[in-house]
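Dear colleague,

Please find below the structure I promised to hand over.

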Amino acid sequence: MSLARLAKSRSAVTMSASLIPRVKWMSNVPENTVYGGPKSQNPNQRVTLTHLRNKYKKGEPITMVTAYDYPSAVHLDTAGIDICLVGDSAAMVVHGHDTTLPITMEEMLVHCRAVARGANRPLLVGDLPFGTYESSANQAVDMAVRVLKEGAMDAIKLEGGSPSRIIAAKSIVEAGIAVMGHVGLTPQAISVLGGFRPQGRNVASAVKVVETAMALQDAGCFSVVLECVPAPVAAAVTSALQIPTIGIGAGPFCSGQVI
């Protein structure tokens, strides 16, 4: 073959190759999967308290799912969940403890930041861990501020309804931070509850659950979690309140459910 024909042949091959669509051979394709990296937030799609109130007024079920890490948060985000809870149950589920008590604020903040990077749509709620808000209302406000500033959460959740907890919830709300309450079985109080035991199973206990939930509402909470109480008690609380109830082992009559 002459040099002229060889050069012409190579030129044709080069031209043909340039017409072939370029393909990215990368391990993270497709980029919209869990491995695609963080996504930019869209304020128009972010779930807010206003969004939750509208769903509540329309009688539409509210969805809430617990997450502890970035991959779980991405899947939760894709599913269109309303609320993402970064729970202190990470102490048991992730860290292998027998209770929720050992987890620290620093550990919770690591989980909060990881979830915040993966969940762009839902309202993000972070638990205040045991030992971070019991001493005083000032301590409670300081720790709630950390959850928002350092953990990138939108709101906090605290357990119980003793007078000091009600004051703490009210103080946090007055500081400009949204608060979710939690009554019934409150895992942080297993020392006085005698273990993970259902609540509201007799008249006195049921009345206490209702009264505590109403006190949290009066303190400014935007929602209350009802854990391990009989369905009729949860129904009574839901009927008495003007804010959403989120059930976990509390029957089908709550405003929403959390898993």
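In this predicted model, the side chains of E106 and R146 form a salt bridge, with an N to O distance of 3.3 Å. The pair joins distant parts of the chain, since E106 belongs to helix α5 and R146 to helix α6 (residues 137-149), 40 residues apart. E106 is partly exposed, at 46% relative accessibility, and R146 is likewise partly exposed, with a relative accessible area of 21%.

A search of the whole structure gives seven salt bridges. One of them pairs K157 with D127, whose closest N and O atoms lie 2.8 Å apart. Here strand β4 (residues 155-157), which holds K157, is linked to strand β3, which holds D127, over 30 residues. Both K157 and D127 are buried.

D82 also forms a salt bridge, with R121, the closest N and O atoms being 3.9 Å apart. D82 sits in the loop between α3 (70-78) and β2 (83-86), and R121 in the loop between α5 and β3 (123-127). D82 counts as buried because its relative accessible area is 2%, under the 20% limit, whereas R121, at 25%, is partly exposed. K55 joins D82 and R121 in a network of salt bridges.

The structure holds one cavity of 30 Å³ or more. Its lining comprises L52, I62, I83, F222, S223, P244 and I246; by class, six of these are nonpolar, one is polar and none is charged.

Finally, M92, V93, V94 and F196 make a nonpolar surface patch of about 340 Å². V94 lies in the loop between α4 (90-93) and α5 (105-118).

With kind regards

Technical notes
Residues numbered from 1 in each chain as written. Predicted model: local features only at pLDDT ≥ 70, side-chain atom pairs only at ≥ 80, totals over all residues. Heavy atoms only, no water. 1 Å grid on protein atoms, 1.4 Å probe; cavity = no way out; pocket = protein on both sides within 12 Å on 5 of 7 lines; lining within 4 Å. Points joined across faces, edges and corners; volume = space filled by probe spheres on them. Nonpolar A, V, L, I, M, F, W, Y, C, P; charged D, E, K, R; others polar. Patch = residues over 30% accessible without salt bridge, like charges linked within 9 Å, V, L, I, M, F, W, Y side chains within 5 Å. Areas by Shrake-Rupley, 256 points an atom, 1.4 Å probe, with all protein chains shown as cover. Salt bridge = Lys/Arg side-chain N within 4 Å of Asp/Glu carboxyl O. Helix = DSSP H or I, 4+ residues; strand = E, 2+ residues; numbered from the N terminus. Buried < 20%, exposed > 50% of the residue type's maximum accessible area, 1.4 Å probe, protein only.
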